[in-house]
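Here are a few friendly notes to read alongside the model. Please keep the sequence and the 3D view open as you go through the points.

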Amino acid sequence: MHIVSGRWQLGLALSLTTVILWGLLPIALKGVLLEMDAVTVTWYRFAVAAIFVFIFMAVRKRIPNFKALKGIIGILMLIAIFGLCANYVFYLFGVERITPSSAQVMIQTAPMFMLLGGLLVFKESFNKWQWMGFASFVIGLVLFFNMRFSEILSNWQGAYTVGLFWMLLAAITWAAYALAQKQLLNTFTSNQIMFIIYITSTLILIPGSEPSQVVSLSSIGWMLLIFCCLNTIVAYGAFAEALAHWEASRVSAILALTPLVTIMSMKVVAYFFPDYLPDEPMNALSVVGSVMVVLGSATTAVAGNKKSKIIKQSPSP
């Protein structure tokens, strides 16, 4: 069993770095999607990540043994590959249609689906605090979207409703990836798993992508695309390093703050750049709901520290 270094200050700093980067990600993605399609953006993110992770592993001589990809291991890897690949694409389909704030709150259902999957697949159990956290999460989700009820219920084919549907699918596919990765960690390291996923997903998305779209990008578009590509690498690296210095449950509790970072960042963007992106309409119930989502997510992570074997990771793609 991995033993953390005990340098909690460094673990906290790295966790907060990840929170900030993943909190800003949907805002940057929303801007890129104004100039590129979702599949092409995802293709670039996977391709850049594959190159960086390959160099990292080559230097450390930890290239994965592909001969191990047979039988149940091969099936689990396919689930992880298609799960995360679909998660990235579906997430962007959702971000195209809803606000970054809504996207970040909705995608928090992903770790909940993962935990529920643990109950069904691995026969794990929730303690009373985790059930309380889950209830807080669900109630908070309902409160956050209270101003959108009429739009969602009256127009099932509307852009916002469809966007929420895509985000729900993104959450489900991420949970499938996370559950498969849990088992794959018995054979590969996390970096080896991510490299296989990155390189394979890059190949899978080639037919549906148009890499030449970068030629027509504006200077802002270029900066946002570069930020999105590097964001995954730096944020994931900070997250992985945080786990080396701090308990996974505490890291997960900090990562639960990500939606609040997105919501506050959107308010700042809307104030200084009102024509850039539409802000999420919020009232007092929405604010209370967002806080309950964060507290509920954090509670399920911390309360399950002793009984659950699943490491709760952030679902932000």
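1. A word on burial before we start: a residue is called buried under 20% relative accessible area, exposed over 50%, and partly exposed in between, using a 1.4 Å probe and protein chains only. This is a predicted model, where local features need pLDDT of at least 70 and side-chain atom pairs count only at pLDDT 80 or more, while totals for chains, interfaces and linings use all residues. Numbering runs from 1 along each chain as its sequence is written, and side-chain values use heavy atoms, with hydrogens and water left out.

2. Let's begin with Thr300, which belongs to helix H13, residues 284–303. Helices here are DSSP runs of H or I with at least four residues, numbered from the N terminus. With a relative accessible area of 1%, Thr300 is buried. A polar atom of the Thr300 side chain sits 2.7 Å from the backbone oxygen of Ser297.

3. Next, the cysteines. How many disulfides does a search of the whole structure find? The search finds zero, a disulfide being a pair of cysteine sulfur atoms within 2.5 Å. Cys85 is in no disulfide, and the nearest cysteine sulfur, that of Cys229, is 15 Å away. Cys85 is also buried, at 6% relative accessible area. For Cys228, the closest cysteine sulfur is in Cys229, and that 7.0 Å separation is too far for a bond. Cys228 is buried as well, with a relative accessible area of 0%.

4. Helices H2 and H10 (219–245) each supply at least two residues of the patch, and H2 gives the most, with five.

5. Finally, the charges. The structure holds one salt bridge, meaning a side-chain nitrogen of Lys or Arg within 4 Å of a carboxyl oxygen of Asp or Glu. Arg97 and Glu96 form this pair through their side chains, at 3.6 Å from N to O. Arg97 is partly exposed at 34% relative accessibility, and Glu96 is partly exposed at 35%.

Conventions
Polar contact = N/O pair within 3.5 Å; in protein donor to acceptor, adjacent residues only side chain to side chain.
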